[in-house]
Amino acid sequence: MTTSLALPPDLDVGVLLDVALDQARTGAAEGGVPIGAALFTLDGALLGAGRNRRVQHDDPSVHGETDAFRAAGRRPSYRDTVMVTTLSPCWYCSGLVRQFGIGHLLVGESRTFTGGHDWLADHGVSVTVLDDERCRDLMAGFIERRPDVWFEDIGQEVP
């Protein structure tokens with residue numbers, strides 16, 4: 001586990017990650033990209049959960065983090081929130097975290113894909129990478145089965 005700044009010591013990150021992982025599994029069952037996310041307060045209250053629904057909604061903007069953020073609704077500030085995601089956020093979702101000043105990012109894994117979490121840490125976001133095997137196995141299996149959809153999701157041509 002790597003941490004640039006600390007989350008509250010009494011926050012159970014495993015419980016938070018389980019919410020995002022449930023979303024990722026639901027997305028996989030729907031035929032979509034298995035990336036889940038959830039936005040929480042620092043005391044662990046769930047504000048919104050979501051999943052990558054690009055395939056399900058035929059909408060390239062519905063990434064896991066954007067879906068969770070939209071489900072959370074408006075707040076005057078997001079500095080006291082934690083964005084939990086099963087996979088390191090792409091540049092699009094990293095931009096959302098930075099744009100709205102989300103104070104903390106909890107990443108399930110970053111081996112199958114490393115997005116902008118280091119950039120976010122450089123800009124003052126508390127980043128914790130868990131390297132969770134469940135998240136890694138879910139994503140690796142999807143990439144193996146559906147490389148065409150995966151590369152479309154990250155904005156790259158299939159090699």
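## Thr66 and its contacts

Beyond its neighbours within four places in sequence, Thr66 touches Ser61, Tyr92, Cys93 and Leu96. Contact here means heavy atoms within 4.5 Å. Thr66 lies in helix H3, residues 64-72. Helices (H or I, at least four residues) and strands (E, at least two) are DSSP runs, numbered from the N terminus. Thr66 counts as buried because its relative accessibility is 3%. Buried means under 20% relative accessible area, exposed over 50%, and partly exposed in between, with a 1.4 Å probe and protein chains only.

This is a predicted model: local features need pLDDT of at least 70, side-chain atom pairs count only at pLDDT 80 or more, and totals for chains, interfaces and linings use all residues. Residues are numbered from 1 along each chain as its sequence is written, and side-chain values use heavy atoms, with hydrogens and water left out.

## Helix H3 against helix H4

Two packed helices are described by the angle between their axes and the distance between the axes. The axes of H3 and helix H4 (residues 91-99) come within 8 Å and cross at roughly 35°. From H3, the contact uses Glu65, Thr66, Phe69 and Arg70; from H4, it uses Tyr92, Cys93 and Leu96. By class, this contact of H3 with H4 has four nonpolar, one polar and two charged residues. Axes are lines fitted to C-alpha atoms, for helices over the stretch in contact, and angles run from 0 to 180 degrees between N-to-C directions. Ala, Val, Leu, Ile, Met, Phe, Trp, Tyr, Cys and Pro count as nonpolar, Asp, Glu, Lys and Arg as charged, and the others, Gly among them, as polar.

## Salt bridges

Side chains of opposite charge can pair when their charged atoms come close. A salt bridge is a side-chain nitrogen of Lys or Arg within 4 Å of a carboxyl oxygen of Asp or Glu. The count comes to eleven salt bridges. One joins Arg134 and Asp18, at 3.0 Å from N to O. Arg134 is in helix H6 (residues 133-145) and Asp18 in helix H1 (residues 13-29), 116 residues apart. Arg134 is partly exposed, at 35%. Asp18 is also partly exposed, at 32%.

Glu30 pairs with Arg51, their closest N and O atoms being 2.8 Å apart. Glu30 sits in the loop between H1 and strand S2 (36-41), and Arg51 in strand S3 (residues 46-51). Glu30 is partly exposed at 39%, whereas Arg51 is buried at 9%. Arg75 forms a salt bridge with Asp80, with 2.9 Å between the closest N and O atoms. Salt bridges that share partners also join Asp18, Asp132 and Arg134 into one network.
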